[in-house]
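Hi,

Here is the model I promised to pass on. Have a look at it first, and then read my notes below.

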Amino acid sequence: MWCLFRTFHLHLTGLKCDPNGSFIDQDAPPLPHMDASLTDWMPYNDKAEFETAEFLFMCNQMSAKQIDTLLDLWAATLIKHNDAPPFANHKDMYATIDATPLSDTPWKSFTMSYNGVRPEQDVPPWMDGQYDVWYRDLLQMVRSMLANSEFDGGIEFSPYRDYTAEDKRYWKNSMSADWVWNQVDVITQNEENHGSTFVPLIIGSNKTVVSVATGQTEYHLLYLSIGNIHSSVQRAHHNGVVLTGFLSIPKSTKEHNDNTKCLANRKDLDGAQPCLHRCEAHTKLLIEQLTYKQAWDEYGIIADVPFTNDFPRADIHELLLPDILHQIIKGTFKDHLVDWVGEYLQVTHGTRRAAEIMDDIDRRTAAVAPFAGLRRFPDGRGFRQWTGDNSKALMKVYLAAIKGHVPQDVICTVSAFLEFCYIVRREALTEDDLIQLQDALDRFHKYQEIFKATGVVSTFSLPHQHSLGLCSSITKSKHIKAVKEPWRRSSRFNALRQMLLTNQHLDKLVAARADFEACGMLSGSCQNVHEDNDLELDDDMMADMAQENNSRRLHVYEPQNQSIEVDTGEIVDGPTEESHVGLAATPVCCIQNIRTLSLELDLPCLPLLIQEFIHNQHYSEDPNPPEFDPATAQVFLGKVTVFNSAAASFHAPSDLSGTGGMCRKHIQATPSWHGGEPRHDCIFINMDADFDSPMGGLAVAQVLCFFSFNYRTLYYPCAIVHWYSYVLEGCDPDTGMYVVTPMTTGDSIPDISVIHIDSIFRTAHLIPVYGPDFIPKISPHDSYDMFNSYYVNRYADHHTFEIA
């Protein structure tokens, strides 16, 4: 955490006012959303009715026919009690949801068609078509966002600047940006604006595959957010980004496609030649001097519709930002680096040998051990469609997969690119971060010259990025809730209208829950699906639970709709907390004898390891503890309870996390992962201050087993781990990753210990150092047993990039 000093803008201070804009007492509490008592569930009759509607429509996403079936069965059970279920049928439930007075921003539409010049013959079909545009009132949507009680503590009403203790700038959230401050300086030149609030609108559009299902016309979704909301709120999907329009895009012929012209040499976008950067003044000049046809044909400017020209705060050339996902990650990585590597192998080795090397790179990619949030690549890079998610996933493992098959400069090029991508996606940036970012960019430009020297490319056409930009990952993730799930629950006939109505119902349910929670009406809800992973039970309780668990398999909370191939993490909503680890709520079994467990693990020294663990725990506060002596140390002869996993919760605001930046990832140590092969994850362990670690006091180990036991009056949740040691004193200079190797004792026996789970920081991901040799086909679950050394994958997620 940074120690920050904050300064606010002197004049645009976001003072409280009444609906007429007159300033009021700044200590006055906000008005309630509805004129109702704290026990008024309007439009629902009670808490159970609201939670039933929320569960059926939002959580379970039950179809209308299934809702009717469930309510009929429910009604049949209540006839003898002369009672009825909360709703008569799905229409009754939908009407109740629709009656919610909150988030009441209806969808509207209009139809448009082309009325310009037509060719005398062969008129393109799109010129005769009619196109629907669906939208919601932007101003009303912004007002709803500003009034959303869920944003309390996650929204800013005045521009500010943060400084570190070293008096260096610290940028976090849009309201700390220089652009906002500069705009406010202009606005406050009029003293009548003093005390008001500046609300920047962030608008983005993204095409979705649902366009295939809605006919021949493509729809581009229009999303809205406001710059006042913290980025953590936007990433946590608390309605910080809302769907506000479906833009109808006609399918034109190639000759009528967008002819927008870049003013740089298209064959040398990355070159050093002087280039005229388009600006508002330049566009106005072209409109004044050229005919409409010349403006369109030569510069791609629609001269008769300059709809943003007269907007006082909307210089479109200044506000259009590069998309990190599509232009940097998917564009530069997928469309350039991956292709360049393939072409380099062909130029250097010939087609046949290059194909063999590419097959080995695919095997290496497929052999990577599983990790929470890591997409599996059973066929290597063989994607049917390269999506942004595929690019981000492959980036995490690609560097280690090509090391040994390509020269050092190629590795350094990819490494510099990855560093740039991960730095630019940080939750907050400092002046030092910008220096690192520029250094990564400079190294990328330096080392990419190998592709020109080897004849892979003649010139580079990677455009300079003049601003950091936004990432459309947030809007793409909104597609699932806003489009794909509503599409699946529609009748498929005139689906768009049904999808929009579903979105309206979802917004009303979210707004109702926020309002009820703000009034304290949902406390003690039985709908809490998250189990307490930190629950501590004594051995008798655990034994009873184990006997009830006849399947002998662990059941932990996992997000819905996840595939077996991808073990995702969890968003932990709420405030920032200290990192902590807890065993799974449900044990897999209770073993009466410690020797039985040692036989199952093929670990005959386990009783001795537990004996040493108890000794270390007993003297943990002693600055001069006695040496461990098995002959005199305390002996444990009790029973232990075994778990297949633990959950690590930690602050990772640059990853998908809750409003407080917290997320949770499971650490697996199971003999059968999803009924298949065993899985034993690796972890970072917090060590003592005197531990010599190049990674800031963190050690790396693999978890063999989680278990717990009671000793006298104390409860010990533990892990059996196999230690890894660092090969180098620092990072590998080419990849930027640390290298570790499994530790052994003097007689080549694996170095294994029992540790308290409180010393575990979080999960770690290791990728083998493959070297120059080809590898056979290896199961991902055998990856940690087949190689001598491993990279600590700093690109596994953004939090790992910060600590590794």
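To start with the terms, helices (H or I, at least four residues) and strands (E, at least two) are DSSP runs numbered from the N terminus, and two strands pair if DSSP finds at least two bridges between them. This is a predicted model, where local features need pLDDT of at least 70, side-chain atom pairs count only at pLDDT 80 or more, and totals for chains, interfaces and linings use all residues. Residues are numbered from 1 along each chain as its sequence is written, and side-chain values use heavy atoms, leaving out hydrogens and water.

First, the sheet. It is open, with 4 strands in the order β1-β4-β5-β9 and antiparallel pairing. At its edges lie β1 (5-8) and β9 (429-430), each pairing on one side only. Strands β4 (residues 160-163) and β5 (residues 169-171) are joined by 2 bridges, and D162 is opposite Y170 in β5.

Now the helices. The axes of α1 (residues 47-59) and α3 (residues 90-98) are 11 Å apart, at an angle of about 110° (axes are lines fitted to C-alpha atoms, for helices over the stretch in contact; angles run from 0 to 180 degrees between N-to-C directions). The two are therefore roughly perpendicular (65 to 115 degrees; under 35 is roughly parallel, over 145 roughly antiparallel, the rest oblique). In this contact (heavy atoms within 4.5 Å), E49, A53, L56 and F57 of α1 meet M93, Y94, T96 and I97 of α3.

Helix α1 also comes within 11 Å of α17 (residues 495-518), axis to axis, crossing at roughly 140°, which makes α1 oblique to α17.

Best wishes
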